Amino acid sequence: MNDANGYAAVVLRSMWRRASGRFPLMVIGLWVLVSVVSLFWTPRPLMQTDGYHTWQAPSAEHWLGTDGTGADVFSWLMAGSRTNLIIVILTVLVAAALGLLFVAAMVSRHTVLAGASVVVVDALISIPTVLIALVLAVPLGASVAVIVIACGFGYGLNLARVARPQALLVARSAYVESAMADGASGAYVLFRHIVPNILPVMLVQLSLSAGTAVLAESGLTYLGVGVPSGTPSWGHSLATTVRFISVYPLTVLWPGLVVTVVVVALNLFGDALRDAIDPVTNPALRQGTGVSGKEDGHGR
Amino acid sequence: MGVDIRGLRIAIGGQEIVHGVDLTVGDGERVGLIGSSGSGKSMIARAMLGLLPPDVAVSGSISLGGTEVVGASDRTLAGLRGRYTGMVFQNPGASLNPVLSVGKQIELPLRLHYDLARAERVDRVRAMLDKVGLPPDVEGKHPHELSGGQLQRVGIATALITSPRLIVADEPTTALDSITQRQIVDLLVSLVDGAGASMLFITHDFSVLARATTRCVVLDEGSVVETGETAALLAGPQDERTERLVRAARALTLHTAWPDATRDASAAASAQVSARECDEAEVRA
């Protein structure tokens, strides 16, 4: 456990040393912090409205102004950050699991399974995420689950398609054959050889997916199939104010700015993490990671 | 009996590549399998461990220590690989995972086949590193930090860590320079003999074969063309195809012509000088 913590510390330190890694770490750190704080405290109660003070400009009382109901914009953005964080985490997990499942099938030694899974992925990938969300909204209604399932499905297929060439190279590599000659099973080869070696591709793709999930939450909520009305989210803040952009642009600017900054940070995060976990590009990882080092080489 | 192969046939896409090969490796015996590129040597090695893709048709019989490999389940094969057999590969750089430390890779067969405490695995890996002549700090390094010769020593350590009864060495010296080739062959031979194991040594290089094996099987276009004691076979090959291989090996590796073709004294002297220089360089190294 200590070894794993030590490994994570080395990776985080390496990311922090570069400006391209420090910015996403700061933004994501702030995002997580605000999400946690919003569970206990927001400047104003979310449901507190004031019909006499709608569309207010930023002031000492309302730091980012008020919306059309007189509710505090900053408080709603704070509370919305945790909804978006949950959506992003769940979407990335679903996409990673589904993507890996399809990658495993597509690089299988059983040629029929491998061929069939490529055709299935190609067929499914042509279905737009929005269409899947609209179909799911019929039984599920507007909910976080619709966003997570629709985006996770679409991004998982994309991940499988993008990672397949690299995974195929690894699966046919001499070191996988060597591991099999040592008695390694298919699952062992997948998790110890294929996953670590396609991790750079996966991280970049998943960080892009995380950014796209934030955008998709806004889009699907605007269409009425995303986060239900009354639940705070950045998409909800945008959807309820965007009609008034020509009259009260500031109210739309804040959630738009938050979404933009977070999406850029997520995109940069993948690149920075990929560089930090690669022993070829990160000399700090080349020492003390032997058999007596971190258990199982997790996190590679 | 280490290996008993009878009537082995291998076909890809309906085209037969290996035609009814018989091959045996006795307990404690070092046997060479030699042939030109494309003769089917590596296919036989992979068939022995069940490593050929499912769409490759394998028929005949391969017995490893009494267990039939042809048609065996994945579980049976996984139990044999790394435990009864150890394999040393041709390209040591490519046969090691670039993102795992050397220590992790050497201990893999131990993790897969034996329920050992972590500390014991670490001890065994360090002892194995010492046996193959590598310093202990190599354990924490990644493959790209090692030289070709060091990488092949890691490959040998991985193959031998579980003390398997049979070592399959598939052209383990091809990617190395001539001095390192000799060091690696000598190391492999001493470790295999020391452990009392058997070895099937696959190569297309007769000079390496002479150093590594006592008996050899010559393969040409998927068929066995000659079998015999390595020294006798090198001195007087009976088959025309074997003779061609030996002649080419002498011309390329020893820089001297086949004695029956021309008796060039200066070429022979040059070969002796080359061999002496090689020995001196090895001592210096």
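## A covered helix in chain A

In this predicted model, helix α9 of chain A, which spans residues 234-241, is mostly covered, with eight of its eight residues buried. The buried residues run from Trp234(A), Gly235(A), His236(A) and Ser237(A) through Leu238(A) and Ala239(A) to Thr240(A) and Thr241(A). The elements that cover them include three helices of chain A, namely α3 (73-106), α8 (186-223) and α10 (249-277).

## The crossing of α5 and α6 in chain A

Elsewhere in chain A, helix α5 (residues 129-140) and helix α6 (residues 144-171) have axes that come within 9 Å and cross at roughly 145°, and the crossing of α5(A) with α6(A) is right-handed. On the side of α5(A), the contact is made by Thr129(A), Ile132(A), Ala133(A), Leu136(A), Ala137(A) and Leu140(A). On the side of α6(A), the contributing residues are Ala145(A), Val146(A), Ile147(A), Ile149(A), Ala150(A), Cys151(A), Phe153(A) and Gly154(A).

An α-helix has 3.6 residues a turn, so residues three or four places apart point the same way.

## Overall make-up of chain B

Chain B contains eleven helices and ten strands, and 44% of its 285 residues count as buried. When contacts in chain B between residues at least 6 apart in sequence are considered, 65% of them join residues at least 24 apart.

## The open sheet of chain B

Four strands of chain B form an open sheet in the order β2-β1-β4-β5, with antiparallel pairing. The edge strands are β2 (15-25) and β5 of chain B, each of which pairs on one side only. Between β1(B) and β2(B), which run antiparallel, there are seven bridges, and Ile5(B) has Leu23(B) in β2(B) as its bridge partner. Helix α1 of chain B (residues 41-48) packs on this sheet, where it touches β1, β2 and β4 of chain B, and its direction makes about 115° with that of β1(B).

Strand β1 (residues 3-12) of chain B also pairs with strand β4 (residues 56-64) of chain B, in the antiparallel sense and over eight bridges; here Val3(B) stands opposite Leu64(B) in β4(B). Strand β4(B) is in turn joined by two bridges to strand β5 (residues 67-68) of chain B, and these two strands run antiparallel, with Glu68(B) in β5(B) as the bridge partner of Ser63(B). The hairpin of β4(B) and β5(B) has two residues between its strands, and in it Gly65(B) takes a positive phi near 55°.

Most residues other than glycine have a negative phi. Glu171(B), although not a glycine, has a positive phi of about 45°, and its place is in the loop between β7 (166-170) and α7 (178-195) of chain B. Glu171(B) counts as buried because 21 other C-beta atoms lie within 10 Å, where the cut-off for burial is 20 or more.

Glu221(B), likewise not a glycine, has a positive phi of about 50° and lies in the loop between β9 (215-220) and β10 (223-229) of chain B. With 14 other C-beta atoms within 10 Å, Glu221(B) is partly exposed, whereas Glu171(B) is buried.

Key:
Residues are numbered from 1 along each chain as its sequence is written. Chains are lettered from A and ligands numbered from 1 in the order in which they are written. This is a predicted model: local features need pLDDT of at least 70, side-chain atom pairs count only at pLDDT 80 or more; totals for chains, interfaces and linings use all residues. A residue is buried if 20 or more other C-beta atoms lie within 10 Å of its own, exposed if 12 or fewer, and partly exposed in between; C-beta atoms are placed from the backbone. Two residues are in contact if their C-beta atoms, placed from the backbone, lie within 7 Å. Two strands pair if DSSP finds at least two bridges between them. Axes are lines fitted to C-alpha atoms, for helices over the stretch in contact, and angles run from 0 to 180 degrees between N-to-C directions. A crossing is left-handed if the near helix is turned anticlockwise from the far one by less than a right angle, and right-handed if clockwise.
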